[in-house]
Amino acid sequence: MKRNNLRIFLIIEAVICTILAFMMENPADSFITIMSFPFAQIGEGLRALSLSGISGNIAAIVIYAALCILPVIYLIIRKRKGRAHIEDGLLVIISLLLFVVIYMMINPVDIAIHFGNAVFMDSYKGFMGAAVYSVIAGYIIIRVLRQFLQCGTDDMLRYLKILLSVVCAFLIYRIFASGLSGLKQSFSLLAAQNTDGGGFTETLPLDSLFAAENSEGGLFLSYVFLAIQYLVDILPYAFNIIIIFTTLALLDALEKDSYSQEVTTWAQKTGGVCRIAILAIMLSQIVVNILQLALGSLIRSSYYTLNIPLLSVIFMLVVMLFAKYFEKARELKNENDSII
């Protein structure tokens, strides 16, 4: 996917995730909704079709069987082309899971019987969908790993671009769906905890935050710091997205000419962004912790963190290492060319 197309896709995803975050009462709801899609919707549709009459019931059975057997059909096609490997056995497991999961989605009573409780029906649907997606993800990753071992440099760069694009999509979800849902819940929890206690007599709606005042300054500062903490928490994800885009530009330059000036330029830019990112992530936590400590009781919901984003830092350091490598490689090539 080209960078401009990826930007458009991520913007659309961010808008959808933001809408979901404000629609869901609980941060876990967005995860459950995503994991149960499209299995829950397929189950509801097939159930309605089945109940429409004898012909509808037959059609529902045929569609159900056809959908569930698709992975096995794909396996047969791969075998006939001589491309099947041991990991393709997971396609059989996916097919079996689809038969079970979609059947239970069609008959939700079976879900309640299996899990022993009908109260958390939506959650159980999400869990079943997650089980299917875990096997699909495992199959895809193993396939990609095999492709990495067999492909050349150009193909590897292409697969790396795809992988980085998927990571970007995940980071957008963490920022706008998971992160905003958590912030919304934190706001609600703060208001609830200060109801009938600490001088407050009613829960404050979100649209009246700026009017919240009492003898100790109200909840305004607390809401502000919850928002600031959210920004601090998502900062590593935001910088990772920026770094991925500079890395994609670097990969584009590598595909054109591994020793061009463009490669060196993008390598330097990527390394610079990584350094800024690490400094910003650590300094933001320091500043927020010190401000909370200084304001003391003025903040009703303090959140002190010593959150070292090791994965983000490691990712940035690896990118910096590769950036330095490309710079050094071009310098060596220029030296060799000058000697020749």
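## Starting from one alanine

Ala-267 touches Leu-250, Ala-323, Phe-326 and Glu-327, leaving aside residues up to four places away in sequence. Touching, or contact, is taken here as heavy atoms within 4.5 Å. Ala-267 belongs to helix 10, which covers residues 261-295. With a relative accessibility of 0%, Ala-267 counts as buried. Buried stands for under 20% relative accessible area, exposed for over 50%, and partly exposed for what lies in between, using a 1.4 Å probe and protein chains only. Ala-267 and Val-319 are 52 residues apart in sequence, and their C-alpha atoms are 8.8 Å apart in space.

## What kind of model this is

You are looking at a predicted model, in which local features need pLDDT of at least 70 and side-chain atom pairs count only at pLDDT 80 or more, while totals for chains, interfaces and linings use all residues. Residues are numbered from 1 along each chain as its sequence is written, and side-chain values use heavy atoms, with hydrogens and water left out.

## The whole chain

How many helices and strands are in the chain? There are eleven helices and zero strands. Both are DSSP runs numbered from the N terminus: helices are H or I with at least four residues, and strands are E with at least two. Along the sequence, the pattern reads α-α-α-α-α-α-α-α-α-α-α.

Of the 340 residues in the chain, 38% are buried. Among contacts with a separation of 6 or more, 72% are between residues 24 or more positions apart.

## Helix 4 beside helix 5

Two packed helices are described by the angle between their axes and the distance between the axes. Helix 4 and helix 5 pack at an angle of about 170 degrees, and their axes are 8 Å apart. Here axes are lines fitted to C-alpha atoms, for helices over the stretch in contact, and angles run from 0 to 180 degrees between N-to-C directions. Helix 4 and helix 5 are therefore roughly antiparallel to each other. The scale is this: under 35 degrees is roughly parallel, over 145 roughly antiparallel, 65 to 115 roughly perpendicular, and the rest oblique.

The residues that meet include Tyr-64, Leu-67 and Leu-75 in helix 4, and Leu-91, Phe-99 and Ile-106 in helix 5. By class, this contact of helix 4 with helix 5 has 17 nonpolar, one polar and no charged residues. Ala, Val, Leu, Ile, Met, Phe, Trp, Tyr, Cys and Pro count as nonpolar, Asp, Glu, Lys and Arg as charged, and the others, Gly among them, as polar.

## Helix 3 across helix 5

Helix 5 (residues 90-106) also meets helix 3 (residues 39-50): their axes come within 7 Å and cross at roughly 60 degrees. Helix 3 and helix 5 are therefore oblique to each other. On the helix 3 side, Phe-39, Ala-40, Ile-42, Gly-43, Leu-46 and Arg-47 take part, and they meet Leu-98, Val-101, Ile-102, Met-105 and Ile-106 in helix 5. Sorted by class, the contact of helix 3 with helix 5 has nine nonpolar, one polar and one charged residues.

Which bond joins Phe-37 and Pro-38? A cis peptide bond joins them, with omega about 0 degrees. Pro-38 sits in the loop between helix 2 (27-36) and helix 3. For background, most peptide bonds are trans.

## Pairs of opposite charge

Side chains of opposite charge can pair when their charged atoms come close. A salt bridge is a side-chain nitrogen of Lys or Arg within 4 Å of a carboxyl oxygen of Asp or Glu, and by this rule the count comes to five. One of them joins Arg-78 and Asp-88, at 2.9 Å from N to O. Arg-78 is in helix 4 (residues 54-80), and Asp-88 is in the loop between helix 4 and helix 5. Are Arg-78 and Asp-88 buried or exposed? Both are buried.

Glu-87 and Arg-146 form another salt bridge, at 2.7 Å from N to O. This pair links the loop between helix 4 and helix 5 with helix 7 (residues 121-150), 59 residues apart. Glu-87 is buried, with a relative accessible area of 5%, whereas Arg-146 is partly exposed at 25%. Asp-252 and Lys-161 also meet in a salt bridge, at 2.4 Å from N to O. Asp-252 lies in helix 9 (residues 220-256) and Lys-161 in helix 8 (residues 153-193). Arg-3, Lys-161, Asp-252 and Glu-255 are linked in a network of salt bridges.
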